[in-house]
Amino acid sequence: MIQFDFSTIAFFVFAVLTLGGALGVVTNRNLFRGTIWLMVSLFGVAGLYVLLSAPFLAAVQVLVYIGAIAILFTFAVMLTRSLTRLNVRYTRLWPSALGAVLLFAMLVIGVIWPVFGGNELYNQPISDVVRTTTDLGVALVSGEGYVLPFEVASILLTGAMIGAIVIARDADEEEMEQ
Amino acid sequence: MDCTGLCEVLTQGGTDPGLAQFLSILLGVLLVVTVPLITVIFLIWIERKIAARIQDRLGPNRVGPFGLLQTFADLIKLLAKEDITPASADRLLYNAAPLLSLAAVALIWAVVPYTPYHVGADLDIGALYFVAVASLGTLAIMIAGWASNNKYALLGAFRVVALLVSYEIPLVFALLVPVMLAGSMSMVDIIHAQSGMWFIFMAPLAGVLFFISSQAETGRAPFDLIEAESELVAGFNIEYSGMKFGMFFAAEFLHVFTNGVLITILFLGGWYFPGWQMPLIAFMWLGLKAFIPYFISLWIRNTVPRLRIDQVMKFNWFFLVPLSIVNVLILAFLVMVLKEIGWVPVDETGAMALAQAGFIELLPMTIVLFISNVLICVPIVNRLRRMGVEQRAAREQLRTQRAMAAGD
(Lines give C-alpha, C1' and ligand atoms only; values in the text may rest on other atoms or scores of the structure.)
Protein backbone atom coordinates (compact mmCIF):
# COMPACT_ATOMS: atom_id res chain seq x y z
CA MET A 1 0.00 0.00 0.00
CA ILE A 2 1.31 3.44 -0.90
CA GLN A 3 1.74 5.80 2.04
CA PHE A 4 0.82 9.36 1.24
CA ASP A 5 3.64 11.30 2.83
CA PHE A 6 5.31 14.32 1.28
CA SER A 7 7.94 12.44 -0.65
CA THR A 8 5.15 10.48 -2.35
CA ILE A 9 3.43 13.70 -3.36
CA ALA A 10 6.77 15.08 -4.58
CA PHE A 11 7.32 11.87 -6.54
CA PHE A 12 3.98 12.27 -8.30
CA VAL A 13 4.66 15.93 -9.06
CA PHE A 14 8.02 15.07 -10.61
CA ALA A 15 6.56 12.06 -12.43
CA VAL A 16 3.87 14.28 -13.97
CA LEU A 17 6.55 16.84 -14.94
CA THR A 18 8.71 14.15 -16.55
CA LEU A 19 5.93 12.40 -18.47
CA GLY A 20 4.00 15.57 -19.30
CA GLY A 21 7.18 17.21 -20.58
CA ALA A 22 8.01 14.16 -22.66
CA LEU A 23 4.49 14.18 -24.11
CA GLY A 24 4.87 17.88 -24.90
CA VAL A 25 8.11 17.18 -26.79
CA VAL A 26 6.56 14.64 -29.14
CA THR A 27 3.19 16.34 -29.68
CA ASN A 28 4.30 19.95 -30.15
CA ARG A 29 4.36 21.35 -33.68
CA ASN A 30 6.65 24.17 -32.62
CA LEU A 31 10.23 22.98 -32.24
CA PHE A 32 11.23 25.73 -29.81
CA ARG A 33 8.33 24.88 -27.53
CA GLY A 34 9.31 21.25 -27.89
CA THR A 35 12.77 22.13 -26.55
CA ILE A 36 11.21 23.91 -23.58
CA TRP A 37 9.05 20.87 -22.86
CA LEU A 38 12.18 18.74 -23.03
CA MET A 39 13.68 20.94 -20.32
CA VAL A 40 10.55 20.46 -18.18
CA SER A 41 10.93 16.72 -18.60
CA LEU A 42 14.64 16.81 -17.71
CA PHE A 43 13.83 18.94 -14.66
CA GLY A 44 11.36 16.30 -13.53
CA VAL A 45 14.07 13.66 -13.85
CA ALA A 46 16.38 15.86 -11.72
CA GLY A 47 13.65 15.92 -9.06
CA LEU A 48 13.42 12.14 -9.15
CA TYR A 49 17.19 11.96 -8.59
CA VAL A 50 16.77 14.09 -5.44
CA LEU A 51 14.11 11.69 -4.19
CA LEU A 52 16.54 8.82 -4.84
CA SER A 53 19.14 10.49 -2.53
CA ALA A 54 21.39 11.50 -5.41
CA PRO A 55 21.49 15.31 -5.08
CA PHE A 56 24.82 15.58 -6.93
CA LEU A 57 23.40 13.84 -9.95
CA ALA A 58 20.31 16.07 -9.77
CA ALA A 59 22.39 19.26 -9.76
CA VAL A 60 24.52 17.98 -12.63
CA GLN A 61 21.35 17.05 -14.51
CA VAL A 62 20.05 20.63 -14.22
CA LEU A 63 23.46 22.17 -14.93
CA VAL A 64 24.49 20.04 -17.90
CA TYR A 65 21.20 19.07 -19.53
CA ILE A 66 19.06 22.17 -18.90
CA GLY A 67 21.82 24.77 -18.54
CA ALA A 68 24.03 23.65 -21.41
CA ILE A 69 22.66 21.01 -23.77
CA ALA A 70 19.09 22.31 -23.93
CA ILE A 71 20.39 25.85 -24.48
CA LEU A 72 22.42 24.47 -27.39
CA PHE A 73 19.23 22.85 -28.69
CA THR A 74 17.44 26.20 -28.64
CA PHE A 75 20.33 27.74 -30.55
CA ALA A 76 20.16 24.98 -33.16
CA VAL A 77 16.39 25.36 -33.45
CA MET A 78 16.65 29.10 -33.88
CA LEU A 79 19.28 28.81 -36.58
CA THR A 80 16.71 26.78 -38.53
CA ARG A 81 13.95 29.29 -37.98
CA SER A 82 11.58 27.85 -40.57
CA LEU A 83 11.34 24.73 -38.41
CA THR A 84 9.64 26.60 -35.58
CA ARG A 85 6.33 26.52 -37.43
CA LEU A 86 5.95 23.02 -38.79
CA ASN A 87 2.96 22.34 -40.99
CA VAL A 88 4.09 19.05 -42.48
CA ARG A 89 2.58 15.90 -41.05
CA TYR A 90 4.97 13.00 -40.81
CA THR A 91 2.73 10.02 -41.41
CA ARG A 92 5.17 7.56 -42.90
CA LEU A 93 7.09 6.80 -39.73
CA TRP A 94 5.07 3.70 -38.80
CA PRO A 95 8.15 1.42 -38.49
CA SER A 96 9.72 3.81 -35.96
CA ALA A 97 6.46 4.13 -34.05
CA LEU A 98 6.15 0.36 -33.95
CA GLY A 99 9.74 0.06 -32.73
CA ALA A 100 9.11 2.61 -29.96
CA VAL A 101 5.94 0.79 -28.83
CA LEU A 102 7.79 -2.54 -28.80
CA LEU A 103 10.63 -1.04 -26.76
CA PHE A 104 8.16 0.44 -24.29
CA ALA A 105 6.35 -2.89 -24.03
CA MET A 106 9.65 -4.62 -23.29
CA LEU A 107 10.39 -2.07 -20.57
CA VAL A 108 6.94 -2.49 -19.03
CA ILE A 109 7.17 -6.28 -19.02
CA GLY A 110 10.78 -6.48 -17.97
CA VAL A 111 11.01 -3.73 -15.35
CA ILE A 112 7.63 -2.58 -14.12
CA TRP A 113 5.64 -5.80 -14.13
CA PRO A 114 7.82 -7.73 -11.64
CA VAL A 115 7.50 -4.89 -9.12
CA PHE A 116 3.75 -5.35 -9.00
CA GLY A 117 4.09 -9.09 -8.67
CA GLY A 118 4.41 -9.05 -4.89
CA ASN A 119 8.05 -10.07 -5.15
CA GLU A 120 9.74 -9.62 -1.76
CA LEU A 121 13.01 -8.64 -3.40
CA TYR A 122 11.58 -5.37 -4.70
CA ASN A 123 10.20 -4.27 -1.34
CA GLN A 124 13.67 -3.89 0.09
CA PRO A 125 15.62 -0.68 -0.32
CA ILE A 126 18.70 -1.34 -2.41
CA SER A 127 21.02 0.37 0.07
CA ASP A 128 20.63 2.35 3.28
CA VAL A 129 23.87 4.21 2.73
CA VAL A 130 23.49 7.71 1.34
CA ARG A 131 26.62 8.33 -0.71
CA THR A 132 28.22 11.75 -0.46
CA THR A 133 29.97 13.72 -3.16
CA THR A 134 33.31 12.74 -1.60
CA ASP A 135 32.52 9.07 -2.21
CA LEU A 136 31.73 9.86 -5.81
CA GLY A 137 35.01 11.76 -6.24
CA VAL A 138 37.02 8.93 -4.68
CA ALA A 139 35.27 6.36 -6.86
CA LEU A 140 36.16 8.35 -9.99
CA VAL A 141 39.91 8.54 -9.31
CA SER A 142 40.74 5.50 -7.18
CA GLY A 143 42.43 2.50 -8.76
CA GLU A 144 39.71 0.14 -7.57
CA GLY A 145 37.00 2.49 -8.80
CA TYR A 146 36.28 3.94 -12.19
CA VAL A 147 39.58 5.65 -12.98
CA LEU A 148 40.03 3.86 -16.34
CA PRO A 149 36.54 4.61 -17.76
CA PHE A 150 36.89 8.14 -16.44
CA GLU A 151 40.19 8.70 -18.23
CA VAL A 152 38.95 7.05 -21.42
CA ALA A 153 35.89 9.30 -21.42
CA SER A 154 38.14 12.34 -20.89
CA ILE A 155 40.32 11.38 -23.86
CA LEU A 156 37.23 10.77 -25.99
CA LEU A 157 35.82 14.19 -25.14
CA THR A 158 39.16 15.90 -25.76
CA GLY A 159 39.37 14.15 -29.12
CA ALA A 160 35.84 15.26 -30.00
CA MET A 161 36.68 18.83 -29.04
CA ILE A 162 39.87 18.88 -31.13
CA GLY A 163 37.92 17.37 -34.03
CA ALA A 164 35.29 20.10 -33.79
CA ILE A 165 37.98 22.78 -33.79
CA VAL A 166 39.69 21.23 -36.82
CA ILE A 167 36.42 21.06 -38.77
CA ALA A 168 35.44 24.62 -37.85
CA ARG A 169 38.87 25.97 -38.74
CA ASP A 170 39.00 24.35 -42.19
CA ALA A 171 35.62 25.82 -43.10
CA ASP A 172 36.83 29.26 -42.05
CA GLU A 173 39.95 29.11 -44.20
CA GLU A 174 38.00 27.94 -47.24
CA GLU A 175 35.63 30.85 -46.86
CA MET A 176 38.53 33.25 -46.67
CA GLU A 177 40.03 31.86 -49.87
CA GLN A 178 36.74 32.37 -51.64
CA MET B 1 13.48 14.25 9.27
CA ASP B 2 13.73 15.60 12.80
CA CYS B 3 11.09 17.76 14.42
CA THR B 4 12.46 20.67 16.42
CA GLY B 5 11.62 24.30 17.11
CA LEU B 6 8.25 25.41 15.79
CA CYS B 7 7.42 21.88 14.68
CA GLU B 8 7.89 20.60 18.26
CA VAL B 9 5.66 23.35 19.67
CA LEU B 10 2.92 22.60 17.15
CA THR B 11 3.07 18.87 17.85
CA GLN B 12 2.70 19.48 21.59
CA GLY B 13 -0.25 21.74 20.82
CA GLY B 14 -2.06 18.76 19.37
CA THR B 15 -1.35 19.18 15.66
CA ASP B 16 -0.71 16.16 13.48
CA PRO B 17 3.10 15.61 13.36
CA GLY B 18 3.18 15.48 9.57
CA LEU B 19 1.20 18.70 9.30
CA ALA B 20 3.34 20.40 11.96
CA GLN B 21 6.50 19.48 10.06
CA PHE B 22 4.97 20.72 6.83
CA LEU B 23 3.92 24.03 8.42
CA SER B 24 7.32 24.69 9.97
CA ILE B 25 9.08 23.95 6.67
CA LEU B 26 6.58 26.12 4.79
CA LEU B 27 7.21 29.00 7.18
CA GLY B 28 10.96 28.62 6.69
CA VAL B 29 10.57 28.60 2.91
CA LEU B 30 8.39 31.71 3.05
CA LEU B 31 10.98 33.52 5.19
CA VAL B 32 13.84 32.53 2.90
CA VAL B 33 11.91 33.79 -0.12
CA THR B 34 10.72 36.98 1.56
CA VAL B 35 14.13 38.23 2.70
CA PRO B 36 15.54 38.73 -0.83
CA LEU B 37 12.27 40.11 -2.19
CA ILE B 38 12.04 42.78 0.52
CA THR B 39 15.76 43.47 0.20
CA VAL B 40 15.42 44.21 -3.50
CA ILE B 41 12.92 47.03 -2.89
CA PHE B 42 15.50 48.93 -0.87
CA LEU B 43 18.40 47.83 -3.06
CA ILE B 44 16.86 49.71 -5.97
CA TRP B 45 16.80 52.86 -3.84
CA ILE B 46 20.40 52.33 -2.68
CA GLU B 47 21.61 51.66 -6.21
CA ARG B 48 19.92 54.77 -7.57
CA LYS B 49 21.32 56.90 -4.75
CA ILE B 50 24.89 55.62 -5.24
CA ALA B 51 24.64 55.99 -9.02
CA ALA B 52 23.36 59.54 -8.56
CA ARG B 53 26.20 60.46 -6.18
CA ILE B 54 28.82 59.07 -8.57
CA GLN B 55 27.29 61.13 -11.39
CA ASP B 56 27.11 64.22 -9.17
CA ARG B 57 23.32 64.18 -8.88
CA LEU B 58 21.00 63.89 -5.89
CA GLY B 59 18.99 60.86 -6.95
CA PRO B 60 15.45 60.13 -5.76
CA ASN B 61 14.56 62.59 -2.98
CA ARG B 62 10.86 63.47 -3.35
CA VAL B 63 8.82 60.48 -2.17
CA GLY B 64 9.25 59.85 1.56
CA PRO B 65 12.32 60.73 3.66
CA PHE B 66 15.46 60.76 1.44
CA GLY B 67 13.26 59.40 -1.36
CA LEU B 68 13.07 56.06 0.43
CA LEU B 69 9.55 55.37 -0.82
CA GLN B 70 10.42 56.13 -4.45
CA THR B 71 10.59 52.41 -5.29
CA PHE B 72 7.06 51.88 -3.97
CA ALA B 73 5.83 54.69 -6.20
CA ASP B 74 7.62 53.09 -9.16
CA LEU B 75 6.16 49.73 -8.25
CA ILE B 76 2.61 51.10 -8.22
CA LYS B 77 3.27 52.82 -11.53
CA LEU B 78 4.54 49.58 -13.08
CA LEU B 79 1.56 47.63 -11.75
CA ALA B 80 -0.92 50.21 -13.05
CA LYS B 81 0.62 50.29 -16.53
CA GLU B 82 -1.02 48.54 -19.43
CA ASP B 83 0.25 45.01 -19.73
CA ILE B 84 0.87 44.44 -23.42
CA THR B 85 1.45 41.06 -25.00
CA PRO B 86 2.45 41.40 -28.66
CA ALA B 87 -0.08 39.78 -30.99
CA SER B 88 2.47 37.46 -32.59
CA ALA B 89 4.24 36.53 -29.36
CA ASP B 90 4.17 33.05 -27.90
CA ARG B 91 1.77 33.80 -25.04
CA LEU B 92 2.73 31.02 -22.64
CA LEU B 93 6.50 31.38 -22.95
CA TYR B 94 6.29 35.18 -23.11
CA ASN B 95 4.58 35.26 -19.73
CA ALA B 96 6.72 32.51 -18.19
CA ALA B 97 10.08 34.16 -18.93
CA PRO B 98 9.96 37.01 -16.34
CA LEU B 99 8.85 34.58 -13.64
CA LEU B 100 11.68 32.19 -14.46
CA SER B 101 14.16 35.05 -14.51
CA LEU B 102 13.28 36.18 -10.98
CA ALA B 103 12.94 32.62 -9.71
CA ALA B 104 16.45 31.74 -10.90
CA VAL B 105 17.89 34.45 -8.64
CA ALA B 106 15.52 33.91 -5.69
CA LEU B 107 16.28 30.18 -5.68
CA ILE B 108 19.97 30.88 -4.97
CA TRP B 109 18.93 32.24 -1.56
CA ALA B 110 17.75 28.77 -0.53
CA VAL B 111 21.36 27.78 0.27
CA VAL B 112 22.48 31.11 1.77
CA PRO B 113 23.34 30.69 5.46
CA TYR B 114 21.95 33.82 7.11
CA THR B 115 23.36 33.11 10.60
CA PRO B 116 25.11 30.17 12.27
CA TYR B 117 21.69 28.72 13.08
CA HIS B 118 19.52 29.87 10.19
CA VAL B 119 19.95 28.44 6.73
CA GLY B 120 17.27 27.60 4.20
CA ALA B 121 18.73 24.27 3.18
CA ASP B 122 22.25 23.14 4.05
CA LEU B 123 22.68 21.13 0.87
CA ASP B 124 25.64 18.81 0.53
CA ILE B 125 26.05 20.23 -2.97
CA GLY B 126 25.39 23.91 -2.17
CA ALA B 127 27.99 25.36 -4.55
CA LEU B 128 26.91 23.11 -7.41
CA TYR B 129 23.27 23.97 -6.68
CA PHE B 130 24.13 27.67 -7.07
CA VAL B 131 25.71 27.08 -10.47
CA ALA B 132 22.82 24.89 -11.62
CA VAL B 133 20.14 27.35 -10.53
CA ALA B 134 21.99 30.34 -11.97
CA SER B 135 22.04 28.63 -15.36
CA LEU B 136 18.23 28.81 -15.36
CA GLY B 137 18.54 32.59 -15.69
CA THR B 138 20.22 32.10 -19.09
CA LEU B 139 17.26 30.01 -20.13
CA ALA B 140 14.79 32.72 -19.06
CA ILE B 141 16.55 35.28 -21.27
CA MET B 142 16.59 32.88 -24.21
CA ILE B 143 12.85 32.22 -23.82
CA ALA B 144 12.09 35.94 -23.47
CA GLY B 145 14.07 36.76 -26.61
CA TRP B 146 12.42 34.10 -28.68
CA ALA B 147 8.85 34.43 -27.36
CA SER B 148 8.76 38.19 -28.01
CA ASN B 149 8.95 37.47 -31.75
CA ASN B 150 11.09 40.54 -32.30
CA LYS B 151 14.39 40.68 -34.18
CA TYR B 152 16.07 42.98 -31.69
CA ALA B 153 14.90 40.87 -28.77
CA LEU B 154 16.24 37.70 -30.40
CA LEU B 155 19.57 39.31 -31.31
CA GLY B 156 19.85 40.67 -27.78
CA ALA B 157 19.11 37.25 -26.35
CA PHE B 158 21.77 35.63 -28.55
CA ARG B 159 24.37 38.07 -27.34
CA VAL B 160 23.42 37.70 -23.73
CA VAL B 161 23.39 33.93 -23.83
CA ALA B 162 26.79 33.88 -25.51
CA LEU B 163 28.06 36.18 -22.75
CA LEU B 164 26.49 34.28 -19.85
CA VAL B 165 27.51 30.82 -21.05
CA SER B 166 31.12 31.94 -21.60
CA TYR B 167 31.52 33.69 -18.26
CA GLU B 168 30.12 30.70 -16.41
CA ILE B 169 33.44 28.91 -17.01
CA PRO B 170 35.77 31.26 -15.05
CA LEU B 171 32.96 31.60 -12.48
CA VAL B 172 32.90 27.87 -11.84
CA PHE B 173 36.70 27.62 -11.77
CA ALA B 174 36.86 30.44 -9.25
CA LEU B 175 34.12 28.76 -7.23
CA LEU B 176 36.21 25.60 -7.22
CA VAL B 177 38.90 27.28 -5.10
CA PRO B 178 36.86 27.81 -1.89
CA VAL B 179 35.28 24.39 -2.43
CA MET B 180 38.74 22.87 -2.65
CA LEU B 181 40.05 24.73 0.41
CA ALA B 182 36.99 23.86 2.50
CA GLY B 183 36.88 20.30 1.20
CA SER B 184 33.13 20.58 0.86
CA MET B 185 30.49 22.04 -1.44
CA SER B 186 28.13 22.89 1.39
CA MET B 187 27.87 26.65 1.96
CA VAL B 188 27.79 26.15 5.75
CA ASP B 189 31.01 24.08 5.68
CA ILE B 190 32.67 26.69 3.47
CA ILE B 191 31.87 29.39 6.04
CA HIS B 192 33.06 27.24 8.94
CA ALA B 193 36.35 26.58 7.14
CA GLN B 194 36.93 30.36 7.20
CA SER B 195 36.63 30.65 10.99
CA GLY B 196 40.39 31.18 11.30
CA MET B 197 41.20 32.92 8.03
CA TRP B 198 39.06 34.28 5.23
CA PHE B 199 39.66 32.72 1.84
CA ILE B 200 40.18 36.13 0.25
CA PHE B 201 43.63 36.17 1.91
CA MET B 202 44.46 32.63 0.78
CA ALA B 203 43.16 33.03 -2.77
CA PRO B 204 42.74 36.70 -3.65
CA LEU B 205 43.04 35.94 -7.36
CA ALA B 206 40.10 33.52 -7.23
CA GLY B 207 38.09 36.16 -5.41
CA VAL B 208 38.81 38.74 -8.09
CA LEU B 209 38.03 36.26 -10.88
CA PHE B 210 34.75 35.35 -9.20
CA PHE B 211 33.89 39.01 -8.84
CA ILE B 212 34.62 39.82 -12.49
CA SER B 213 32.68 36.87 -13.86
CA SER B 214 29.76 37.46 -11.54
CA GLN B 215 29.69 41.07 -12.70
CA ALA B 216 29.40 39.72 -16.23
CA GLU B 217 26.73 37.22 -15.16
CA THR B 218 24.52 40.07 -13.95
CA GLY B 219 25.03 41.86 -17.25
CA ARG B 220 26.28 45.04 -15.61
CA ALA B 221 28.77 47.49 -17.08
CA PRO B 222 31.38 47.03 -18.50
CA PHE B 223 29.59 43.85 -19.64
CA ASP B 224 26.15 45.39 -20.19
CA LEU B 225 25.67 44.08 -23.71
CA ILE B 226 22.23 43.03 -22.49
CA GLU B 227 20.92 46.54 -22.96
CA ALA B 228 22.87 48.23 -25.71
CA GLU B 229 20.45 51.04 -26.49
CA SER B 230 22.47 52.28 -29.44
CA GLU B 231 22.46 48.92 -31.23
CA LEU B 232 19.58 46.82 -29.96
CA VAL B 233 17.11 49.46 -28.76
CA ALA B 234 16.80 47.69 -25.42
CA GLY B 235 17.90 44.11 -25.88
CA PHE B 236 15.97 40.97 -25.02
CA ASN B 237 13.29 42.73 -22.95
CA ILE B 238 12.22 45.25 -25.62
CA GLU B 239 8.65 43.91 -25.95
CA TYR B 240 8.00 43.73 -22.22
CA SER B 241 5.99 46.35 -20.40
CA GLY B 242 4.53 46.97 -16.97
CA MET B 243 5.35 44.57 -14.16
CA LYS B 244 6.77 41.90 -16.47
CA PHE B 245 9.49 44.36 -17.43
CA GLY B 246 9.75 45.19 -13.72
CA MET B 247 10.39 41.56 -12.86
CA PHE B 248 13.37 41.34 -15.21
CA PHE B 249 14.79 44.41 -13.54
CA ALA B 250 14.05 43.20 -10.04
CA ALA B 251 15.90 40.00 -10.96
CA GLU B 252 18.90 42.01 -12.16
CA PHE B 253 19.02 44.25 -9.07
CA LEU B 254 18.65 41.26 -6.81
CA HIS B 255 21.29 39.30 -8.71
CA VAL B 256 23.92 41.98 -8.06
CA PHE B 257 23.33 41.85 -4.31
CA THR B 258 23.06 38.05 -4.37
CA ASN B 259 26.53 37.98 -5.90
CA GLY B 260 27.73 40.21 -3.09
CA VAL B 261 26.33 37.75 -0.57
CA LEU B 262 27.90 34.81 -2.41
CA ILE B 263 31.30 36.48 -2.52
CA THR B 264 30.92 37.13 1.21
CA ILE B 265 30.13 33.48 1.88
CA LEU B 266 32.83 32.08 -0.39
CA PHE B 267 35.67 34.52 0.27
CA LEU B 268 34.89 36.96 3.08
CA GLY B 269 33.99 34.45 5.77
CA GLY B 270 30.19 34.78 5.65
CA TRP B 271 28.82 35.75 9.04
CA TYR B 272 32.18 35.24 10.78
CA PHE B 273 33.68 38.17 12.59
CA PRO B 274 36.08 37.85 15.54
CA GLY B 275 34.05 37.59 18.74
CA TRP B 276 30.59 38.16 17.26
CA GLN B 277 28.57 35.04 16.62
CA MET B 278 25.13 35.93 18.02
CA PRO B 279 22.45 35.17 15.37
CA LEU B 280 21.20 38.73 14.85
CA ILE B 281 24.69 40.27 14.85
CA ALA B 282 25.96 37.50 12.55
CA PHE B 283 23.15 38.35 10.14
CA MET B 284 24.19 41.98 10.28
CA TRP B 285 27.83 41.06 9.54
CA LEU B 286 26.74 39.06 6.51
CA GLY B 287 24.77 42.04 5.21
CA LEU B 288 27.53 44.55 5.93
CA LYS B 289 30.22 42.43 4.30
CA ALA B 290 27.99 41.76 1.30
CA PHE B 291 27.84 45.52 0.79
CA ILE B 292 31.59 45.72 0.09
CA PRO B 293 31.49 43.74 -3.20
CA TYR B 294 28.04 45.21 -3.91
CA PHE B 295 29.36 48.76 -3.64
CA ILE B 296 32.43 48.00 -5.77
CA SER B 297 30.13 46.47 -8.38
CA LEU B 298 28.00 49.64 -8.49
CA TRP B 299 31.11 51.79 -8.56
CA ILE B 300 32.46 49.93 -11.61
CA ARG B 301 29.05 49.96 -13.24
CA ASN B 302 28.80 53.72 -13.05
CA THR B 303 32.34 54.62 -14.04
CA VAL B 304 33.42 52.17 -16.76
CA PRO B 305 32.19 52.38 -20.38
CA ARG B 306 30.64 49.43 -22.19
CA LEU B 307 32.87 47.00 -24.08
CA ARG B 308 32.17 45.63 -27.54
CA ILE B 309 30.96 42.03 -27.80
CA ASP B 310 34.21 40.83 -29.40
CA GLN B 311 36.26 42.52 -26.67
CA VAL B 312 34.14 40.91 -23.99
CA MET B 313 34.49 37.46 -25.57
CA LYS B 314 38.22 37.87 -26.11
CA PHE B 315 38.70 39.02 -22.53
CA ASN B 316 36.93 35.90 -21.33
CA TRP B 317 38.42 33.20 -23.55
CA PHE B 318 41.97 34.55 -23.83
CA PHE B 319 42.36 35.97 -20.35
CA LEU B 320 39.90 34.85 -17.66
CA VAL B 321 39.54 31.18 -18.62
CA PRO B 322 43.27 30.34 -18.88
CA LEU B 323 44.02 32.38 -15.77
CA SER B 324 41.31 30.66 -13.72
CA ILE B 325 42.51 27.21 -14.83
CA VAL B 326 46.14 28.01 -14.00
CA ASN B 327 45.02 29.44 -10.67
CA VAL B 328 43.17 26.25 -9.70
CA LEU B 329 46.07 24.02 -10.79
CA ILE B 330 48.70 25.99 -8.88
CA LEU B 331 46.54 26.23 -5.77
CA ALA B 332 45.82 22.49 -5.79
CA PHE B 333 49.53 21.72 -6.22
CA LEU B 334 50.60 24.10 -3.46
CA VAL B 335 47.97 22.80 -1.02
CA MET B 336 49.23 19.26 -1.70
CA VAL B 337 52.86 20.31 -1.10
CA LEU B 338 51.96 22.24 2.06
CA LYS B 339 50.09 19.22 3.32
CA GLU B 340 53.21 17.06 2.91
CA ILE B 341 55.32 19.65 4.75
CA GLY B 342 52.70 19.74 7.50
CA TRP B 343 51.69 23.38 7.31
CA VAL B 344 48.08 22.53 6.62
CA PRO B 345 45.88 21.59 9.60
CA VAL B 346 44.48 18.09 9.20
CA ASP B 347 41.95 16.03 11.15
CA GLU B 348 42.34 12.40 12.35
CA THR B 349 41.62 10.91 8.92
CA GLY B 350 44.34 13.02 7.30
CA ALA B 351 41.88 15.20 5.40
CA MET B 352 42.32 18.96 5.32
CA ALA B 353 40.35 20.61 8.13
CA LEU B 354 40.63 24.38 8.15
CA ALA B 355 37.59 24.71 10.41
CA GLN B 356 39.51 23.31 13.40
CA ALA B 357 42.48 25.64 13.09
CA GLY B 358 42.92 29.13 14.45
CA PHE B 359 44.37 32.26 12.93
CA ILE B 360 47.98 31.54 13.95
CA GLU B 361 48.03 27.95 12.66
CA LEU B 362 46.71 29.07 9.29
CA LEU B 363 49.15 31.96 8.92
CA PRO B 364 52.09 30.13 7.18
CA MET B 365 49.75 28.43 4.70
CA THR B 366 48.01 31.71 3.97
CA ILE B 367 51.30 33.53 3.38
CA VAL B 368 52.54 30.89 0.91
CA LEU B 369 49.25 30.87 -1.01
CA PHE B 370 49.05 34.67 -1.03
CA ILE B 371 52.60 34.98 -2.39
CA SER B 372 51.85 32.39 -5.08
CA ASN B 373 48.84 34.45 -6.14
CA VAL B 374 50.94 37.60 -6.34
CA LEU B 375 53.56 35.71 -8.38
CA ILE B 376 50.89 34.59 -10.85
CA CYS B 377 49.73 38.18 -11.18
CA VAL B 378 53.15 39.76 -11.86
CA PRO B 379 53.74 38.36 -15.40
CA ILE B 380 50.09 38.93 -16.28
CA VAL B 381 50.19 42.58 -15.28
CA ASN B 382 53.49 42.98 -17.15
CA ARG B 383 52.05 41.43 -20.28
CA LEU B 384 48.92 43.56 -20.10
CA ARG B 385 51.05 46.67 -19.70
CA ARG B 386 53.18 45.70 -22.72
CA MET B 387 50.07 45.07 -24.80
CA GLY B 388 48.67 48.45 -23.80
CA VAL B 389 51.92 50.20 -24.74
CA GLU B 390 52.06 48.41 -28.10
CA GLN B 391 48.48 49.28 -28.95
CA ARG B 392 48.94 52.89 -27.99
CA ALA B 393 52.12 53.06 -30.12
CA ALA B 394 50.33 51.52 -33.10
CA ARG B 395 47.50 54.01 -32.79
CA GLU B 396 49.95 56.89 -32.47
CA GLN B 397 51.77 55.72 -35.61
CA LEU B 398 48.48 55.52 -37.50
CA ARG B 399 47.58 59.02 -36.41
CA THR B 400 50.95 60.42 -37.58
CA GLN B 401 50.58 58.68 -40.94
CA ARG B 402 47.13 60.15 -41.38
CA ALA B 403 48.34 63.59 -40.41
CA MET B 404 51.18 63.33 -42.92
CA ALA B 405 48.78 62.15 -45.65
CA ALA B 406 46.48 65.06 -44.90
CA GLY B 407 49.47 67.43 -44.94
CA ASP B 408 50.46 66.27 -48.45
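First, the conventions. This is a predicted model, in which local features need pLDDT of at least 70 and side-chain atom pairs count only at pLDDT 80 or more, whereas totals for chains, interfaces and linings use all residues. Residues are numbered from 1 along each chain as its sequence is written, chains are lettered from A and ligands numbered from 1 in the order in which they are written, and side-chain values use heavy atoms, with hydrogens and water left out.

Let me begin with the surface. F6(A), I9(A) and V13(A), together with L19(B), F22(B), L23(B), L26(B) and L30(B), make up a nonpolar patch with about 680 Å² of accessible area together. Patch members have over 30% relative accessible area and no salt bridge; nonpolar side chains (Val, Leu, Ile, Met, Phe, Trp, Tyr) are joined within 5 Å, and like charges within 9 Å. Areas are computed by the Shrake-Rupley method with a 1.4 Å probe, and for residues only the protein chains shown count as cover.

Which helices supply the patch? At least two residues each come from α1 (6-27) of chain A and α2 (17-54) of chain B, and the largest share, five residues, belongs to α2(B). Helices here are DSSP runs (H or I, at least four residues), numbered from the N terminus, and strands are E runs of at least two. V13(A), in helix α1 of chain A, is partly exposed because its relative accessible area is 46%; buried means under 20%, exposed over 50%, and partly exposed in between, with a 1.4 Å probe and protein chains only.

I turn to the salt bridges. Side chains of opposite charge can pair when their charged atoms come close.

R301(B) is partly exposed at 27%, while E47(B) is buried at 2% relative accessibility.

Another bridge pairs D83(B) with K244(B), whose closest N and O atoms are 3.2 Å apart. Here 161 residues separate D83(B), in the loop between α3 (70-80) and α4 (91-106) of chain B, from K244(B) in helix α11 (residues 242-267) of chain B. D83(B) is partly exposed at 45%, and K244(B) is buried at 11%.

Next, helix packing. The axes of α6 (residues 151-182) and α9 (residues 204-217) of chain B come within 8 Å and cross at roughly 155°. The two helices are therefore roughly antiparallel. Axes are lines fitted to C-alpha atoms, for helices over the stretch in contact, and angles run from 0 to 180 degrees between N-to-C directions; under 35 degrees counts as roughly parallel, over 145 as roughly antiparallel, 65 to 115 as roughly perpendicular, and the rest as oblique.

Finally, the backbone. D56(B) has a positive phi of about 60°, and F66(B) one of about 55°, although neither is a glycine. D56(B) is exposed at 74%, and F66(B) is exposed at 63%.

Key: A salt bridge is a side-chain nitrogen of Lys or Arg within 4 Å of a carboxyl oxygen of Asp or Glu.
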